[in-house]
Amino acid sequence: MDLDNFAQDLELRGLAEVTRNVTLWTVKRYLRWATQKGIKPEKGRKEDILSYLAHLRSKGLKPPSIANNFSALSSWFDFLVELGQLQVNPVPALKKRYLK
């Protein structure tokens with residue numbers, strides 16, 4: 001994963017430093033979780049993201065925190081789409097259905 005370029009992208013988008021840091025930390029946590037599970041996170045598979053949602057809920061995260069996590073992940077998947085590494089960002093459809 002090219003997190004350095006993602007960090008530069010966040011900066012170019014004009015996001016505040018604290019927002020950039022939280023977004024990067026959140027994405028790194030997802031990538032770490034995926035690696036531990038043997039998941040290829042850059043594939044953006046619905047099943048994997050739903051498994052991560054279940055993981056966050058099992059940790060006791062409240063809906064606003066989970067929504068923040070998924071907003072950060074959505075930014076990362078948008079970045080992958082922009083690079084041509086992924087066809088579609090899977091997060092918006094999942095947020096609509098599972099994060100109400």
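Biologist: Which residues in α1 meet which residues in α2?

Modeller: This is a predicted model, in which local features need pLDDT of at least 70, side-chain atom pairs count only at pLDDT 80 or more, and totals for chains, interfaces and linings use all residues. Residues are numbered from 1 along each chain as its sequence is written, and side-chain values use heavy atoms, with hydrogens and water left out. From α1, L3, F6, A7, L10 and E11 meet R20, T23, L24, V27, K28 and L31 of α2; contact means heavy atoms within 4.5 Å.

Biologist: Why is α1 called roughly antiparallel to α2?

Modeller: Helix α1 (residues 3–12) and helix α2 (residues 17–37) pack at about 150 degrees, their axes 10 Å apart. Roughly antiparallel applies to angles over 145 degrees, on a scale from 0 to 180 degrees between N-to-C directions, so α1 is roughly antiparallel to α2.

Biologist: What makes K46 partly exposed?

Modeller: Buried means under 20% relative accessible area, exposed over 50%, and partly exposed in between, with a 1.4 Å probe and protein chains only. K46 has 43% relative accessibility and therefore counts as partly exposed. K46 lies in helix α3 (residues 46–58), helices being DSSP runs (H or I) of at least four residues.

Biologist: Which residues touch the most other members of the largest nonpolar core?

Modeller: Of its 24 residues, these are F6, V27, Y30, F70, L73, W76 and F77. Such a core joins buried Ala, Val, Leu, Ile, Met, Phe, Trp, Tyr and Cys residues through side-chain atoms within 4.5 Å. The largest share, seven residues, comes from α4.

Note on methods. Helices (H or I, at least four residues) and strands (E, at least two) are DSSP runs, numbered from the N terminus. Angles under 35 degrees count as roughly parallel, over 145 as roughly antiparallel, 65 to 115 as roughly perpendicular and the rest as oblique.
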